[in-house]
Amino acid sequence: MSYTIKQIRLKFFELVPIFLLFFITLNGKSVIDFKILSINVHYILIYFWVLRQPQALGYGFIFLSGIITDVIFGLPIGVSALALLTVAAVAAYVRVVTVRISLVNDWISFIPALLLANFIYFMSLYFSNYSIDYLYLFKNCVFTFIFYPILWLLFTALLNLMKD
Amino acid sequence: METNREDVGIAIRSAFLRRDTQQRFSLFVLVVISIFLLFVEKIETKPLNYFRSAVKDTIYRGSEIISFPARSLGGSIDLLSDHINLYTNYNNLKKENDLLKDQILTSDYLTLENTQLRKLIDEQMVSYSNLVSSRVMLDKQSPYLNSFVINSGNNKNIKNGMEVLDGKNFIGRIVDVNFFSSRVLLVSDLNSKIPVIIESSENHAILSGRGTGNPTLEYLPEDHKVKPGHKVYTSGKEGIFSPGIPIGEVIFEDNQFQVLLFSDLSQITFINVNLGNEIKNK
């Protein structure tokens, strides 16, 4: 009996990243704007889980989440999917080449992921003839980077619960 | 050196091409599909459009259901804040009511004068508007697109480019039509450019959205006489929109002429779509 409860609990925690991913996607809350702050939770969520527990967040789900984001925000289909897959790709590469896991390592390696993803986002929108607020994109990049450790701590706590 | 390059190659291959444990798709394949979808987005064919409409309608409905709890919570917070600000609102409304009563007299006089002048030039403009009311289904403000989704589409004969009104005020236009839903691009969006006329000064301009904040007036003539407080209406130039739909009031901020919209775009629940109007000159 206790074994079954433990299994259910484990399964539940395993599904939390996917649940979070689709919750923020379908709610249109992938970018949180609060006064001057602008944080891309989507990028942080994907980067963390692909880096630390790739089996918890499949690439197929990330792709699907990007497509849904594009439909909800009215962007050309494929833009967000491409940006999110870029974040996942950088995370996958960092995972392969990194041995020691720490907040500082993760945080620093998040910079190229963020820059590359936003660059691809910018290019895709530019070639689709969408006007872009450059200042907003820059602000979003900076605040997403600053906000990373807070979500890192939350997700690490969740990861520890999964491992327990 | 050679070894290092090989190491990087192996790392890239294992990260992008190989399917990891418990991963059903390789990253490379999904990236290629995303790029393919971006190109497909440019293709306009009937079967593809039907497929897109069906997918979008399904996702909109799903999102509407999922975001229901968050929307309800937001509604409750607004209600609470309305109750807290009840006294202040009452005083403001009282002042506004007095002001409006004064303006009614002026308005009646102007209507009378207008009718007389029309008779004088033997011209009468009759406008038949064909409005369809819709509910705002999804209002997810994207950082790059200020728009919302309404619950009417092809089923109500809505077409791309039709003007969208909040009451009698212009707020945007239709940019994407599905079977049961449509997307409205708001005037505040970066991609929105509306030909307008400014009342009193009679100058033409382009109302240009900025993404955040109030839209601005662009391409004003050098010798313009625009002043804060002047009213902004659609000009109807190029025949895209009907002329004379109120949009907002001119203000001067950050060294530029901006337009304070008559409608609060964040508080819209129901809108009217103008299916087309007929202007007859008698």
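**I24(A) and the fold around it**

Biologist: Where does I24(A) sit in chain A?
Modeller: I24(A) lies in helix α1, which covers residues 2–26 of chain A. Keep in mind that this is a predicted model.

Biologist: Is I24(A) buried, exposed or partly exposed?
Modeller: Partly exposed, because I24(A) has 18 C-beta neighbours inside 10 Å. A residue needs 20 or more to count as buried, and 12 or fewer to count as exposed.

Biologist: Which residues is I24(A) in contact with, leaving aside neighbours within four places in sequence?
Modeller: Four names: K29(A), S30(A), V41(A) and H42(A).

Biologist: And T69(A)? How many residues apart are they, and what separates the C-alpha atoms?
Modeller: I24(A) and T69(A) are 45 residues apart along the chain. Their C-alpha atoms are separated by 9.2 Å.

Biologist: New topic. How many helices and strands in chain A?
Modeller: Chain A has 6 helices and 2 strands.

Biologist: Which pattern do they follow along the sequence?
Modeller: The order is α-β-β-α-α-α-α-α.

Biologist: What about overall shape? What does the C-alpha trace span?
Modeller: About 60 × 30 × 30 Å along the principal axes of chain A.

Biologist: What is the radius of gyration, and what would a compact globule have?
Modeller: Chain A has 16 Å. A compact globule of 164 residues would have a value near 15 Å, so the two agree.

Biologist: What share of chain A counts as buried?
Modeller: 41% of its 164 residues.

Biologist: Last one. Of contacts between residues at least 6 apart in sequence, what share joins residues at least 24 apart?
Modeller: In chain A that share is 67%.

Notes: Residues numbered from 1 in each chain as written. Chains lettered and ligands numbered in written order. Predicted model: local features only at pLDDT ≥ 70, side-chain atom pairs only at ≥ 80, totals over all residues. Helix = DSSP H or I, 4+ residues; strand = E, 2+ residues; numbered from the N terminus. Rg over C-alpha atoms; globule rule 2.2 N^0.38 Å. Contact = placed C-beta atoms within 7 Å.
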